[in-house]
Amino acid sequence: MLSTLITELGSECQNITALIYQLQSPYLSGRQQAEILAELLAAAIHLNIHCGDDFQTLIAQEMEKLPDDDEKD
């Protein structure tokens, strides 16, 4: 479950990065800017939902499973 969510998060971050690069083009029309901004807004909303409490809990649970390297045997 966590692995799938992390993969989806990575894909969404790549999408956002691509949108940001597109938005930086000086040759965009107003309509193109509006379309990119709308996609960016949708992606930001998706990230906000995706990275909610359930996702954070899954990460915390996974971290708790990791061995404590500071402890001596």
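**View 1. Ala44, a partly exposed residue of helix α2****.** Ala44 has a relative accessible area of 39%, so this residue counts as partly exposed. Buried would need a value under 20%, and exposed a value over 50%. The structure shown is a predicted model. Ala44 lies in helix α2, which covers residues 30–50. Ser29 is 15 residues away from Ala44 in sequence. In space, the two C-alpha atoms are 22 Å apart.

**View 2. His50, a buried residue of helix α2****.** His50 belongs to helix α2. Its relative accessible area is 11%, which means that His50 is buried. The cut-off for buried is under 20%. Which residues does His50 touch, leaving aside those up to four places away in sequence? They are Leu5, Glu8, Leu9 and Phe55.

**View 3. Helix α1 crosses helix α3****.** Helix α1 spans residues 2–23, and helix α3 spans residues 53–65. Their axes come within 10 Å. They cross at roughly 125°. The two helices are therefore oblique to each other. The crossing of α1 past α3 is left-handed.

**View 4. The residues where α1 meets α3****.** From α1, the contact takes in Leu2, Leu5, Ile6 and Leu9. From α3 come Phe55, Leu58, Ile59 and Glu62. Glu counts as charged, and Glu62 is on the α3 side of the contact. Leu5, Leu9 and Phe55 take part in this contact; these residues also touch His50.

**View 5. The whole chain, for orientation.** From the N terminus, the order of elements is α-α-α. Why is the protein called more spread out than a compact globule? Its radius of gyration is 18 Å, well over the 11 Å that the globule rule gives for 73 residues, so the protein is more spread out than such a globule. Along the principal axes, the C-alpha trace spans about 65 × 20 × 15 Å. Buried residues make up 16% of the 73 residues; His50 is one of the buried residues. Consider the contacts between residues at least 6 apart in sequence. Of these, 67% join residues at least 24 apart.

Note on methods: Residues are numbered from 1 along each chain as its sequence is written. This is a predicted model: local features need pLDDT of at least 70, side-chain atom pairs count only at pLDDT 80 or more; totals for chains, interfaces and linings use all residues. Side-chain values use heavy atoms; hydrogens and water are left out. Axes are lines fitted to C-alpha atoms, for helices over the stretch in contact, and angles run from 0 to 180 degrees between N-to-C directions. Helices (H or I, at least four residues) and strands (E, at least two) are DSSP runs, numbered from the N terminus. Angles under 35 degrees count as roughly parallel, over 145 as roughly antiparallel, 65 to 115 as roughly perpendicular and the rest as oblique. A crossing is left-handed if the near helix is turned anticlockwise from the far one by less than a right angle, and right-handed if clockwise. Contact means heavy atoms within 4.5 Å. Buried means under 20% relative accessible area, exposed over 50%, partly exposed in between (1.4 Å probe, protein chains only). The radius of gyration is taken over C-alpha atoms; the globule rule is 2.2 Å times the number of residues to the power 0.38.
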